[in-house]
Structures are given as structure tokens and as C-alpha cells.
Amino acid sequence: VRFANGKLRQPDSLSFTVYRNRDTAHPRKRHRRILVSETERLCYVGHNFGSEVMKCNSLCRYFVGVLDKNSGQMEVYNAEIFNMQPLLSGWMLTVLSELLCAKWVSTGTQVPKPCSAHLQQQTSWCPSFLGVSLVWTGLSKFLQPEALMQDMAQDDVQNISAFLPPCHEDADRPEHVYKFEDILSPAEYEALQVPAAALASMTAEEMAKRAEERSHCSFVLEELKFLPTDEKRRDHKARCLWFLDTLIKFSHLKVIKKKHPMGPECPHIISKKLMKNFTSLTYNDGSIQNLVSASMKAKITAYVIALALHINNFQTDLTVLQNDMKLPESRILDIAKALRLRVSKAKGVPGMENDENHKLGTLSLPLPTQKAPEGQRKRKKMN
């Protein structure tokens with residue numbers, strides 16, 4: 001399995017249940033399976049049928065080998081990949097809405113309990129469909145949106161570290177802590193040559209016009225004033241600025257509806273990177289959509305900061321990036337501290353918003369000890 005909204009911290013602690021279609025005589029239905037699982041806060045569902053099914057299962061075959069250590073022989077089994085989605089999404093919402101509108105059996109508590117007999121009538125699957133307790137876990141959260149939102153907010157803070165670029169703690173130089181190739185692969189960097197050329201060759205008049213039109217974020221507009229005269233270094237910085245600007249613009253999107261959301265000038269390999277690495281898959285009205293969720297925006301922010309550090313000799317103005325990304329100060333500071341930056345106060349560039357009280361992030365060795373974000377400690381006190 002794989003999970004559409006992230007990676008599990010402790011995959012061994014999770015158990016799964018498989019349900020098959022009752023109609024074993026039907027040539028297609030007999031192969032249909034539903035896979036369900038439950039964590040402390042979310043229920044997950046995956047299935048191998050319908051328009052949303054993963055295409056990789058039809059393009060090739062997968063196998064799992066089980067090795068008997070005593071005999072040294074391996075048994076090979078057919079396998080399928082299941083994409084696990086949170087319960088309250090896509091076609092499962094239809095099931096939940098039917099349950100909410102269905103007959104209820106009173107249990108004497110404030111929250112009603114669904115009738116298991118009705119569940120069996122609604123579907124041709126094996127008895128208890130997804131298990132009354134499993135469905136009810138999702139329903140109880142569905143009926144208490146405030147509690148669910150608090151859980152999600154707390155999870156988001158706790159999981160910031162899961163969305164950071166790879167950190168090489170044993171690095172001997174700041175540039176090796178977050179390696180450039182972990183942010184942009186050589187192939188991606190090569191593809192930026194053409195779109196970045198316009199930035200590298202920009203005249204003072206063009207720069208003033210773009211600043212007036214706010215065609216780029218404030219960070220990029222300011223850095224364009226200081227492009228190196230050396231052609232190779234100028235080209236390198238222009239590529240970095242173009243990609244950083246694209247990341248920030250991408251973070252402002254919600255649901256990605258276009259195949260090339262950043263326009264035709266964006267190289268295909270970069271569009272693919274954005275969709276694959278910085279969006280979450282979700283279901284809506286029976287179709288898959290790419291969503292820039294809160295956790296994905298946190299990931300984009302982490303990569304933007306890491307790239308800005310490479311651009312600015314490993315010291316960057318976090319307040320400028322915060323304003324460009326439309327984030328609360330506490331949010332970007334949490335991410336900066338998770339990146340092991342030292343945060344200090346500094347004056348911003350004259351003329352910029354709040355130029356007297358900017359936050360400066362510095363990456364230096366040895367790395368400071370990682371601490372829990374302030375927001376997380378506050379939530380724990382409130383709870």
C-alpha cells in the first residue's frame with residue numbers, strides 16, 4: 001500500500017482488513033477488493049476497481065516473495081498496489097451521507113449509532129461491509145468537525161519534520177547540510193536554462209516594469225538587483241530565482257485543475273516535480289484531484305527556505321519569504337527552527353513592509369539541537 005497524504009511513522013503498528021465482492025461468478029466483480037485500515041485519528045480505504053483505480057496495476061504485474069529462512073526457498077505471490085485514502089473522501093463520502101440519512105438505532109447516548117442491518121442492505125459486499133466500528137469512527141469525527149480540525153492542526157505542527165528536505169547532520173560545511181541536488185536534480189536544473197535566461201538578461205527598465213507589475217515575489221525582485229556579472233554565476237542564480245519564484249506561486253494554488261498549472265513556459269520536468277512532490281491526491285465527485293494542502297504548503301516553504309539559503313550564502317530574510325508566501329510569522333519560524341536555523345532579529349531592506357523588525361535565518365555549524373515548535377507546546381498546554 002501507499003498513503004495518499006503522507007508516510008507512516010510506524011507502519012508495523014498498522015493492521016489491514018481485506019473485503020472481497022460476494023459475486024464470485026461475475027468475471028470482473030470477483031476480483032474486486034476493498035482494503036481498510038485505521039490509525040489513531042484517521043480511517044483509510046483503498047480499492048482496486050472504478051475510474052480512480054491506480055493505472056500501474058494494469059500496466060505491469062507485481063509480486064511479493066516470502067523467504068523461508070530454514071529451507072532457503074522463496075514462495076512468490078501475486079500482488080496489487082492499493083492507494084489508501086482518508087475515509088472522508090471521494091466515494092466513501094457517498095456511503096457516509098447514505099448512513100447519515102438512514103435509520104438509526106438509539107443507544108441512549110447523544111451520538112447515534114448506525115444500524116448494521118442497514119449497512120448490509122446497502123451493499124453486496126461481505127457482512128458488516130467495512131465494519132461498523134470502523135465506519136463509526138469516521139462518522140463520529142465527521143459529526144464533530146471542530147475536534148477533527150484540532151487534531152489535524154496538531155498533527156500538522158508535529159509532522160513538519162516529515163516534509164523537510166533531507167538533512168545531512170554530519171556535514172562539514174553549511175552547503176552540505178541541505179544539498180542542492182536534493183532540491184533540484186541535475187536534470188531539473190538543466191531544464192531551467194531556457195526559462196531562467198529571461199531573468200539573467202533582464203535590463204534595468206524591464207526590472208522596474210516587473211517590479212511595478214509585481215510579476216515576481218519580493219524576494220526575487222530584490223535579488224535580481226544583485227545578479228553577478230560573471231556569466232556562469234549569473235546563470236546559476238537566475239535558475240535558482242526562477243524556480244523559487246515558481247514554488248512560491250505554486251504554493252498559492254488550492255486545487256490544481258490544469259495539466260500545466262504554471263503555464264506553458266514551465267518545463268515539463270518541473271511541472272511533473274511540482275505535481276508529484278508538492279501536492280496531495282484527493283477524490284472529488286469520482287475524480288482524482290491534486291491539492292496543495294496545508295502540509296504540502298509547509299513542505300514547499302521548507303524547500304523555499306533551503307533554496308533561499310543557497311542563494312544568500314546560508315543566511316536569508318525569513319520575513320520577506322513569509323510575506324511572499326502569505327504565512328503567519330509563527331508558521332515560518334516553526335519551519336525555520338525545524339530546519340535547524342538560528343533565528344535573529346534584523347532590519348529589512350528600506351521601503352519593504354515592517355522593515356524595522358525582520359527575522360533572519362542562518363544555517364551554521366554545529367547545528368542547534370532540535371526542539372519542539374512553540375505552537376506544539378501551546379497546544380499541549382491547552383489540551
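**Close-up views of a predicted model**

The chain has a mean pLDDT of 77, with 71% of its residues at 70 or more; pLDDT is the predictor's confidence in each residue, from 0 to 100. This is a predicted model, in which local features need pLDDT of at least 70 and side-chain atom pairs count only at pLDDT 80 or more, while totals for chains, interfaces and linings use all residues. Residues are numbered from 1 along each chain as its sequence is written, and side-chain values use heavy atoms, without hydrogens and water.

**View 1. Segments with pLDDT under 50.** Residues 89-158 stay under 50 and have 99 contacts (heavy atoms within 4.5 Å) beyond four places in sequence. Residues 375-383 also stay under 50, with 8 such contacts. Where pLDDT is low, the predicted coordinates should not be read in detail.

View 2. Lys 345 sits in strand β14, residues 342-346 (strands are DSSP runs of E, at least two residues, numbered from the N terminus). Lys 345 counts as exposed because its relative accessibility is 68% (exposed is over 50%, buried under 20%, partly exposed in between; 1.4 Å probe, protein chains only). Beyond four places in sequence, Lys 345 contacts Asn 357, His 358 and Lys 359. Thr 319 is 26 residues from Lys 345 in sequence and 10.0 Å away in space, C-alpha to C-alpha.

**View 3. Two cysteines.** Cys 217 is buried, at 9% relative accessible area. Cys 266 is buried too, at 4%. The structure holds 0 disulfides (pairs of cysteine sulfur atoms within 2.5 Å).

Conventions. Helices (H or I, at least four residues) and strands (E, at least two) are DSSP runs, numbered from the N terminus.
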